[in-house]
Amino acid sequence: MAAAKKISSAVGSLRSCVKNVENSAGTIDPRAQFIILGSLAPFLKGSAYLTLSQGMMLKNVERVTNYFYPQETWLPLSQLLQESQSFGSPTLWTPLLLERLDRLVPLLPLNSLQSLNMAALSSRWLFRMLSEERLWRKSELGTACTKAETVDQRAENMQKQRTLLQRLFLARSMSNSSVLVPECANLRGSIVSAWGVEVLLTMTPVNFIDCLEQIGQNPDIPNSELAPLLTRVLKIAGPVSVLPKHVVLRLGRLATKLSVKQLKVVSLEDLQVVEAFGNQQEWTTSQLNTLVNRFLKTYKVTAKDLTALHLVTLGYLICGLPEIDIQQITPLEFCSAVMYLGQFSLSCTELQLEALVRLCTGNAMFGTVSGWTEDIFLEIGSVAAGLQDIELSSLVLEQIQGLTPLAISLIFPKKFAVSFSSQQLQLFSWSQAKAVTEQQKKLLDNEQTKALTLALIEDSGNQTYRGDAYFLCMMSCRSKYSHGQKY
């Protein structure tokens with residue numbers, strides 16, 4: 001976990017790490033720069049990256065397929081790949097070339113993907129490529145590199161993957177091949193969201209239920225596609241009141257499309273079911289309230305009786321407790337569970353968050369906020385978003401360093417603007433500054449905006465920690481990816 005955190009931190013500061021190489025572009029041979037930077041090369045400015053890569057892509061394409069490419073590099077990279085001296089127009093690409101380009105293919109713009117030579121497409125190549133992309137994203141480096149992706153970026157990735165599948169379907173139909181209906185094995189080895197709801201609904205009942213967990217746990221299936229998928233489950237397995245436990249546990253995000261009426265009859269007698277629901281983020285307020293009330297009645301407890309185990313099991317559902325009930329939770333039990341709950345992007349109201357963090361400020365717990373160390377802020381994670389504005393405005397460097405990016409993103413915009421001075425914002429690390437939401441930015445004054453921009457450019461936070469993280473990321477990239485080793 002510590003290693004992943006360091007790598008995640010390192011990704012945010014890669015641009016500053018390659019500045020020296022950019023500045024020395026006139027004194028170091030481009031080929032040497034490309035080799036020295038290795039997996040950091042894509043973090044150069046677009047023009048600098050093209051300068052280093054020009055004429056070298058043909059020889060190094062297998063090496064660079066395992067790199068992480070920030071979104072701003074996609075266009076210059078795709079232009080480079082399609083140049084006549086490189087690989088030319090996608091309309092002429094061959095099966096062998098697709099094999100070589102591997103994960104670079106989905107980086108092309110949609111119009112290029114839609115012009116891909118259909119004769120070169122094969123289900124074997126596409127399934128393998130999607131499988132490698134899935135494994136890379138689940139790796140420690142991939143998780144760290146993609147953690148800062150926005151919803152729009154993830155949606156764009158998914159759309160490109162779907163475009164490739166659609167081209168494959170079209171190619172199969174034009175060659176009079178059988179209709180491509182995915183089996184569970186295909187889904188397990190690829191990226192589920194790429195298939196699209198229309199295709200997933202054509203799966204046989206056995207295959208659909210066998211792969212229900214992969215479908216339900218996929219974070220990139222659009223919200224609008226969850227309801228028809230849930231309807232398919234209920235048609236196969238029966239109404240909610242009689243759904244077998246193993247089916248309920250596999251629902252994942254699909255469960256968030258259960259109506260309040262359905263949630264009132266689903267069985268919560270097994271804590272595993274409660275935990276499965278508590279791991280889902282996309283509940284509405286009415287759904288949260290319904291589930292928490294049913295939990296309290298099922299286990300015959302009140303908020304005051306909740307143990308650390310109960311709280312950990314509830315997870316996201318804790319935001320279904322009214323503020324007055326949160327105040328009744330035993331502080332010791334909550335603080336025993338806060339390290340786990342603090343990892344969640346809690347959808348609580350501002351008053352609920354304030355009530356949660358107040359549970360940790362007693363003398364028998366962490367004490368007054370003014371005495372909190374960096375470690376305490378790291379431990380409570382997202383719950384720190386409930387601190388009062390006067391407490392946030394008094395934070396010093398060590399305490400600010402403990403604020404997790406998630407906690408920063410959850411601070412309500414008005415509170416964020418009135419709490420942090422321009423001096424404090426300039427102390428933010430790159431990861432913290434990147435976590436500031438557009439809604440929060442809109443309420444900042446000119447001085448605060450400038451300070452936040454400086455934090456993004458200079459990363460004036462914990463420089464020593466950043467250096468260690470950079471070294472770790474370099475070693476990880478070099479040892480695992482730069483020499484052709486895959487996952």
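Me: Why is Lys160 called buried?
Reply: Buried means under 20% relative accessible area, exposed over 50%, and partly exposed in between (1.4 Å probe, protein chains only). Lys160 has 3% relative accessibility, so Lys160 counts as buried. This is a predicted model, in which local features need pLDDT of at least 70 and side-chain atom pairs count only at pLDDT 80 or more, while totals for chains, interfaces and linings use all residues. Residues are numbered from 1 along each chain as its sequence is written, and side-chain values use heavy atoms, with hydrogens and water left out.

Me: What makes Glu156 and Lys160 a salt bridge?
Reply: The term requires a side-chain nitrogen of Lys or Arg within 4 Å of a carboxyl oxygen of Asp or Glu. For Glu156 and Lys160 the N to O distance is 3.7 Å, so the pair qualifies. Glu156, at 31% relative accessibility, counts as partly exposed.

Me: Why is helix H7 described as largely enclosed by the rest of the structure?
Reply: Helices are DSSP runs (H or I, at least four residues), numbered from the N terminus. Six of the eight residues of H7 (residues 74–81) are buried, so the description applies. Among them are Trp74, Pro76 and Leu77.

Note on methods. Helices (H or I, at least four residues) and strands (E, at least two) are DSSP runs, numbered from the N terminus.
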